Amino acid sequence: MDFNLTKEQELLRDGLTKFLSSRYDLQTSRAAAKLGEGWQPDIWRGFAEELGILGATLPEESGGIGGGAVEAMVIAEALGHALVIEPFVDTVVVAGGLLQRAGGDAAQNVLEDLVGGAAVVAVAATEPTSGDNWYSVETTARRDGDEWVLDGSKIVVVNALFATHLLVTARTSGDTTDKDGISLFLVETASAGSGFTAHHYRTVDDRRASDLEFDGLRLPASALLGPEGQAGPSLELARDEGAAAVCAEAVGGMRKVLADTVEYCKQRQQFGQPIGSFQALQHRMVDMHMEVEQASAAMYLAVLNLDSDAVTRAKAVSAAKATVGRAARFVGQNAVQLHGGMGMTEELAIGHYFKRLTALQYEYGSTAAHVSRYAELTRP
């Protein structure tokens with residue numbers, strides 16, 4: 001495998017890193033997350049108009065650049081390093097992939113708006129009884145003349161508060177846990193009207209999520225994306241793409257946390273000398289470094305296998321998600337401990353990174369769920 005970036009990918013990384021270092025202030029983003037809209041629309045427009053990263057992984061016919069998993073990895077790692085709250089992974093990687101594979105005029109129009117920064121798309125696939133299983137779908141969609149009628153509940157729909165569109169999974173046939181019979185529907189939030197309610201809240205890592213209720217929501221025939229009842233394989237791929245991308249985001253966050261911890265230990269004085277000079281703490285920081293490097297290697301394995309067959313892809317992604325989840329827990333907790341009581345204060349960045357690294361362990365499948373999937377896939 002070739003782990004070297006191309007010149008174009010290096011330019012993408014360097015341009016985004018420069019943009020974030022000069023334009024993305026942590027205090028401003030935290031204020032937007034806690035007290036404001038939950039994101040910074042001007043930064044999102046900058047991603048689209050100045051950097052073009054919203055189209056980096058999307059097809060050229062939609063206005064994108066036509067990149068792939070490596071470009072998504074480069075971007076996600078840089079965003080994780082800067083603790084960016086704008087929904088690149090959820091909207092561009094996961095929702096964008098679903099829209100691209102679904103095809104059709106409706107999906108194409110949303111993709112073009114997404115590339116231009118005018119659309120934010122949230123995926124509503126998790127239900128109160130489904131846990132980590134996107135195939136456990138009780139939400140239903142039935143035909144009524146030329147319309148679809150949607151009934152059911154979705155929970156923890158990240159970024160639904162400011163999303164222009166929702167991608168909602170609903171069962172059009174089959175039993176609750178069947179992989180077949182699941183369809184994907186496009187819902188415009190501005191025109192949803194009656195039959196749709198949302199309860200918004202802030203998550204532990206200062207993101208915005210929502211619980212949604214669909215009670216006889218009427219949708220036009222064009223709201224169905226792709227063939228009826230055949231969204232399962234695309235959803236499985238999207239979930240793996242999202243898991244690989246958040247692995248990259250976590251690696252970026254861990255690299256920042258480790259660097260800040262090392263710098264703090266060089267400055268913090270105890271017994272008349274920097275605490276970084278104590279051998280026990282040096283060993284702990286070396287252990288943190290090893291966890292970060294293992295996580296990075298596992299992330300590359302997942303990213304470079306996203307185009308492989310379904311079983312190979314699933315094994316690589318689950319191995320990476322489990323490895324990164326363990327590393328994020330170890331690095332985050334040790335960083336807080338080495339900072340002492342200051343580690344969890346609002347003033348230091350380390351506490352905010354710790355919360356995000358904790359949340360990333362559960363996005364697109366928890367660490368335990370991916371360990372179980374890997375065990376199942378590798379069982380003799």
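How many residue pairs are in polar contact between domain 1 and domain 2? The count is seven, with both residues of each pair at pLDDT 80 or more; a polar contact is a pair of N or O atoms within 3.5 Å, where within protein one must be able to donate a hydrogen and the other to accept it, and residues adjacent in sequence count only if both atoms are side-chain atoms. This is a predicted model, in which local features need pLDDT of at least 70 and side-chain atom pairs count only at pLDDT 80 or more, while totals for chains, interfaces and linings use all residues. Residues are numbered from 1 along each chain as its sequence is written, and side-chain values use heavy atoms, with hydrogens and water left out.

**View 1. The three domains of the protein chain.** Here you can find domain 1 (5-118), domain 2 (121-228) and domain 3 (230-376), with bounds from an automatic or database domain assignment. Taken over C-alpha atoms, the centres of domain 1 and domain 2 are 23 Å apart. Their contact (heavy atoms within 4.5 Å) takes 24 residues from domain 1 and 20 residues from domain 2.

**View 2. The area buried between domain 1 and domain 2.** About 1700 Å² is buried here, and carbon and sulfur atoms give 60% of that area. Buried area is the accessible area (1.4 Å probe) that two parts lose on being put together, summed over both. On the domain 1 side, look for Lys-34, Leu-98 and Val-110: they supply 23% of the area that domain 1 buries against domain 2, more than any other three residues.

**View 3. A salt bridge at Lys-34.** The side chain of Lys-34 meets that of Asp-206 in a salt bridge, at 3.3 Å from N to O. The rule (a side-chain nitrogen of Lys or Arg within 4 Å of a carboxyl oxygen of Asp or Glu) finds two salt bridges across the interface of domain 1 and domain 2.

**View 4. The side of domain 1 that touches domain 2.** Elements that give two or more residues to this side are α2 (26-34), α5 (88-102) and α6 (105-115); helices are DSSP runs (H or I, at least four residues), and strands (E, at least two) are too, numbered from the N terminus. The largest share, seven residues, comes from α5.
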